[in-house]
Amino acid sequence: MAKARNFEGLKKGSIRMLRFILEKLLSTPPPVKVKEGHFVVIATKGWESRRFVIALAYLNHPEFLKLLKQAEEEFGFSQEGALAIPCRPDELQKILCVQKL
């Protein structure tokens, strides 16, 4: 099990935060096979939740980074497995479709 890290010294949006996310995503083996270069998030808000497999390249998109900051504020980064994103699944789907890679 990974150690919990203290993020008090990090600024939101920093390179360190992104590196931590990448390290976590790359070091934690997914329970279900996920294509190389992708990671899993769960979009959840209210009663709705849906699993998404997302390309690592989305870590460069401003809208997706906003969602990651919201996830940090709401859930922290001590989650195991898929990252929980605090938005409705249809909202995340729109972001992924509009910013298609």
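1. The model is a predicted one, in which local features need pLDDT of at least 70 and side-chain atom pairs count only at pLDDT 80 or more, whereas totals for chains, interfaces and linings use all residues. Residues are numbered from 1 along each chain as its sequence is written, and side-chain values use heavy atoms, with hydrogens and water left out.

2. The mean pLDDT (the predictor's confidence in each residue, from 0 to 100) of the protein chain is 76, and 65% of its residues reach 70 or more. Among the elements of the chain, helix α1 (residues 15-27) has the lowest mean pLDDT, 67, while β2 has the highest, 88. Where pLDDT is low, the predicted coordinates should not be read in detail.

3. The protein chain holds three helices and three strands, which follow the pattern α-β-β-α-β-α when read along the sequence. Of contacts (heavy atoms within 4.5 Å) between residues at least 6 apart in sequence, 57% join residues at least 24 apart.

4. The three strands make an open sheet in the order β2-β1-β3, with mixed pairing, where two strands are said to pair if DSSP finds at least two bridges between them. Its edge strands, each pairing on one side only, are β2 (48-55) and β3 (83-85). Neighbouring strands of this sheet are turned by 30° against each other on average, direction ignored; axes here are lines fitted to C-alpha atoms, for helices over the stretch in contact, and angles run from 0 to 180 degrees between N-to-C directions.

5. Strand β1 (residues 38-45) pairs with β2 in the antiparallel sense over eight bridges, and the two form a hairpin with two residues between them, where G46 in the turn has a positive phi of about 65°. Within this pairing, F39 has I54 of β2 as its bridge partner, and V41 stands opposite F52 in β2. On the β3 side, V41 has L83 as its bridge partner, and there β1 and β3 pair in the parallel sense over three bridges.

6. How do the helices lie on these strands? Helix α2 (residues 62-75) lies across β1, β2 and β3 and runs at about 100° to β3, while helix α3 (residues 89-98) lies across β1 and β2 and runs at about 20° to β2.

7. In α3, the residues P89, L92, I95 and L96 are buried, where buried means under 20% relative accessible area, exposed over 50% and partly exposed in between, with a 1.4 Å probe and protein chains only. Seen down the axis of α3, its buried residues fall within an arc of 125°, so they line one face of the helix; the arc is that of the directions from the helix axis to the C-beta atoms. These buried residues pack against β1, β2 and α2, whereas K94 and V98, on the other side of α3, are exposed. Across the protein chain, buried residues make up 32% of the 101 residues.

8. F75 lies in helix α2 and is partly exposed, with a relative accessible area of 31%. Not counting residues up to four places away in sequence, F75 touches T44, A84, I85 and P86. F75 and P86 are eleven residues apart in sequence and 8.5 Å apart in space, C-alpha to C-alpha.

9. Is C87 buried or exposed? C87 is buried, with a relative accessible area of 3%, whereas C97 is partly exposed, with a relative accessible area of 45%.

Note on methods:
Helix = DSSP H or I, 4+ residues; strand = E, 2+ residues; numbered from the N terminus.
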